[in-house]
Amino acid sequence: MPQLSLYLTDEDMAALREEAARANTSLSHCAQQLLRQHHSSGGWPADYWNLYGLLAEDDSFAEPAELNWDDDAPRT
């Protein structure tokens with residue numbers, strides 16, 4: 001099986017250790033599972049597609065009025 005070396009920040013390493021402890025698994029297996037989850041999800045966060053388009057149903061979310069081009073700063 002191929003091996004991979006990773007360079008992590010102290011914070012990321014602590015998070016990986018906590019996740020591995022929570023899952024009662026090794027660091028290597030935990031990292032492997034996280035990579036698999038990310039790959040199988042297509043890179044989108046969980047429930048992303050359930051949220052997609054919800055702003056269209058929110059009346060408080062509206063397209064702003066067109067800006068006046070004369071208010072723009074001159075370009076040089």
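**Figure 1. Charge in the predicted model.** The protein carries 4 positive and 14 negative side chains, and the centres of the two sets are 18 Å apart. Lys and Arg count as positive, Asp and Glu as negative; His and the chain ends are not counted. Each charge is placed at NZ of Lys, CZ of Arg, CG of Asp or CD of Glu. This is a predicted model, in which local features need pLDDT of at least 70 and side-chain atom pairs count only at pLDDT 80 or more, while totals for chains, interfaces and linings use all residues. Residues are numbered from 1 along each chain as its sequence is written, and side-chain values use heavy atoms, with hydrogens and water left out.

**Figure 2. Overall fold and extent.** The protein has 3 helices and 0 strands, in the order α-α-α. Helices (H or I, at least four residues) and strands (E, at least two) are DSSP runs, numbered from the N terminus. The radius of gyration is 22 Å, whereas a compact globule of 76 residues would have one near 11 Å. That radius is taken over C-alpha atoms, and the globule rule is 2.2 Å times the number of residues to the power 0.38. Along the principal axes, the C-alpha atoms fill a box of roughly 60 × 40 × 25 Å. Buried residues make up 5% of the 76. Buried means under 20% relative accessible area, exposed over 50%, and partly exposed in between (1.4 Å probe, protein chains only).

Figure 3. Glu19 pairs with Arg22; their closest N and O atoms are 3.0 Å apart. A salt bridge is a side-chain nitrogen of Lys or Arg within 4 Å of a carboxyl oxygen of Asp or Glu. Both residues lie in H1, 3 residues apart, about one turn of the helix. Glu19 is partly exposed at 29% relative accessible area. Arg22 is exposed at 62%.

**Figure 4. Salt bridge between Arg75 and Asp72.** The structure holds 2 salt bridges. Here the closest N and O atoms of Arg75 and Asp72 are 3.2 Å apart. Arg75 is exposed, with a relative accessible area of 65%. Asp72 counts as partly exposed, at 37%.

**Figure 5. Leu4 and Tyr7, before H1.** Leu4 sits in the segment before H1. Its relative accessibility is 65%, so Leu4 counts as exposed. Tyr7 also has its place in the segment before helix H1 (10–23). Tyr7 is exposed, with a relative accessible area of 83%. From Tyr7 to Gln33 the C-alpha distance is 18 Å, across 26 residues in sequence.
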